[in-house]
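Dear colleague,

My notes on what was found in it follow directly after.

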Amino acid sequence: MLANKRLVFGITGGIAAYKTAELVRRTLEQGARIDVAMTEAACRFITPVTFQALSGRPVYTDLWDPRVPNNMAHIQLSRDADAILIAPASTDFIAKLAQGRADDLLSTLCIAKGDCPLLIAPAMNREMWLNPACQRNIQQLRDDGIFILGPGAGDQACGETGDGRMLEPHELLAELIAFFQPKLLAGKRVLMTAGPTSEPIDPIRVITNRSSGKMGYAIALAAQQAGARVHLISGPTALPAPYGVTRTSVESARQMHQAVMQAASDNDIFISVAAVADWYVSNASTQKLKKQADGAAPALEFALNPDILAEVAALPNGPYCVGFAAETDQLVEHAQAKRLRKKVPLLFGNLAQHAMNADDTALVLFDDEGHEQWPAQSKTQAASQLIKAIASRLYT
Ligand code: CTP
């Protein structure tokens, strides 16, 4: 998602600097190139050797670095960069940026950056964050066109709890990726379902399926990164809520149905990715079913679950509906029939035996024009392509 992006990571003095090591690693996995510049205080928390080993490139700490051909690291580093990220950004460094001071390599580099976008991830004690001087400086940075990422709230290294924690590496990575994404769904409201559903047999046992939620969660994140406000209604999965997405957790198909119908009319787009159980156990027991002396199996009875996607698609003035079809055979025939039966303009199909719980998928797009096979790719890449396909149909 960050292929060919050239980034400069600036690290200032704060205990959160240890998280930046993980962030470098994860950002490199997305295809970026990273140059690291550290302040003197940052080197007290974590060494340049760590970042040199992780980034595979020399680390810059000195304004007078003789390794740079013209001895101007502060100019060279930002010249071919797509963005600079300061993480962690200390209270002192934020004050320096607000005042336009340039007394070390990193602050000089930020002043000399020209048009290169600057993003900062503040990290400090909650009282320092709330201090009027710090808030004034943050406002100044916003006015100067600098992007402020976070901070988050929670337990702090000092033992206190509140605002001021640096965002977690996966959250900063999501922010970085979002920064470079075209805002194809800016201001749009997207409702989604994802994951399996789980139908109780008794208080202990359930009937469920092999859906991991990976595809739906990747689409939720891609929609959020494209500028949409995303509400994800999810069956039980092991996945954390995608960064910046509102998640409502449900278990059964009927709970999912109720949550979706409550929210459907307030949304512009509905993307139905969940593997919804077709039936629920209509004689589910309120007590644990015990084995019978004669070995007889329990006589489960089933009733049909509501078809959530078809119901949303039938709403007058409802959202633009996108369906999914996981098939094991005759993908094109089944998916085409499903799209017409559910009356949705756009549907994506894949082969369940390859896609379920996998990290990659080969989607087939179905619409009024016919169908189009997409290559096998990561679910993250497929999600981004899918958002483009939706946006191009709705908001060309
Ligand atoms: N879906 C839904 N509610 C259901 C069943 C399915 O909203 N009760 C949605 C799924 O989220 C998906 C699409 O409908 O977007 C197709 O789901 P799938 O399980 O592939 O198809 P079914 O409608 O269940 O048909 P069949 O079991 O015959 O394949």
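Predicted model: local features only at pLDDT ≥ 70, side-chain atom pairs only at ≥ 80, totals over all residues.

Residues are numbered from 1 along each chain as its sequence is written, and side-chain values use heavy atoms, with hydrogens and water left out.

The chain as a whole

The protein chain has 15 helices and 22 strands, and its C-alpha trace spans about 80 × 55 × 40 Å along the principal axes. Of its 396 residues, 48% count as buried, a word that here stands for under 20% relative accessible area, with exposed meaning over 50% and partly exposed in between (1.4 Å probe, protein chains only). Among the contacts in the chain with a separation of 6 or more, 66% come from residues 24 or more positions apart, a contact being heavy atoms within 4.5 Å.

What the UniProt record says

The record's positions are given in the numbering used here, its feature names are shortened, and its annotations may be inferred rather than shown by experiment. In an unreviewed entry, UniProt lists residues 5–177 for "domain: Flavoprotein", and over that stretch the chain is 43% helix and 21% strand, with the end C-alpha atoms 10 Å apart. The unreviewed entry also places "domain: DNA/pantothenate metabolism flavoprotein C-terminal" at residues 185–392, where the chain is 28% helix and 27% strand and the end C-alpha atoms are 10 Å apart. For "active site", again in an unreviewed entry, UniProt lists Cys158. Cysteine 158 lies in the loop between β7 (152–155) and β8 (161–165), and because its relative accessibility is 47%, cysteine 158 counts as partly exposed.

Two partners of helix α1

Helix α1 (residues 17–29) packs with helix α9 (residues 169–180) at an angle of about 45°, their axes being 9 Å apart; axes are lines fitted to C-alpha atoms, for helices over the stretch in contact, and angles run from 0 to 180 degrees between N-to-C directions. The pair α1 and α9 is therefore oblique, given that angles under 35 degrees count as roughly parallel, over 145 as roughly antiparallel, 65 to 115 as roughly perpendicular and the rest as oblique. On the α1 side, Lys19, Glu22, Leu23, Arg26 and Thr27 meet Pro169, His170, Leu172, Leu173 and Leu176 of α9. By class, this contact of α1 with α9 has five nonpolar, two polar and three charged residues (Ala, Val, Leu, Ile, Met, Phe, Trp, Tyr, Cys and Pro count as nonpolar, Asp, Glu, Lys and Arg as charged, and the others, Gly among them, as polar).

With helix α3 (residues 48–55), α1 packs at an angle of about 10°, the axes again lying 9 Å apart, and α1 and α3 are therefore roughly parallel to each other. Here Ala17, Thr20, Ala21, Val24, Arg25 and Leu28 in α1 meet Thr50, Phe51, Leu54 and Ser55 in α3, and the residues of this contact divide into six nonpolar, three polar and one charged.

Some single residues

Asparagine 4, in the segment before β1 (6–11), has a phi near 65°, a positive value in a residue other than glycine, and with a relative accessible area of 68% asparagine 4 is exposed. Asparagine 357, in the loop between α14 (352–355) and β19 (360–361), likewise has a positive phi, of about 70°, although it is not a glycine.

Arginine 189 is found in strand β9 (residues 189–194) and is partly exposed, with a relative accessible area of 29%. Leaving aside residues up to four places away in sequence, arginine 189 touches Arg229, Asp266, Asn267, Asp268 and Ile269.

With kind regards

Notes: Helix = DSSP H or I, 4+ residues; strand = E, 2+ residues; numbered from the N terminus.
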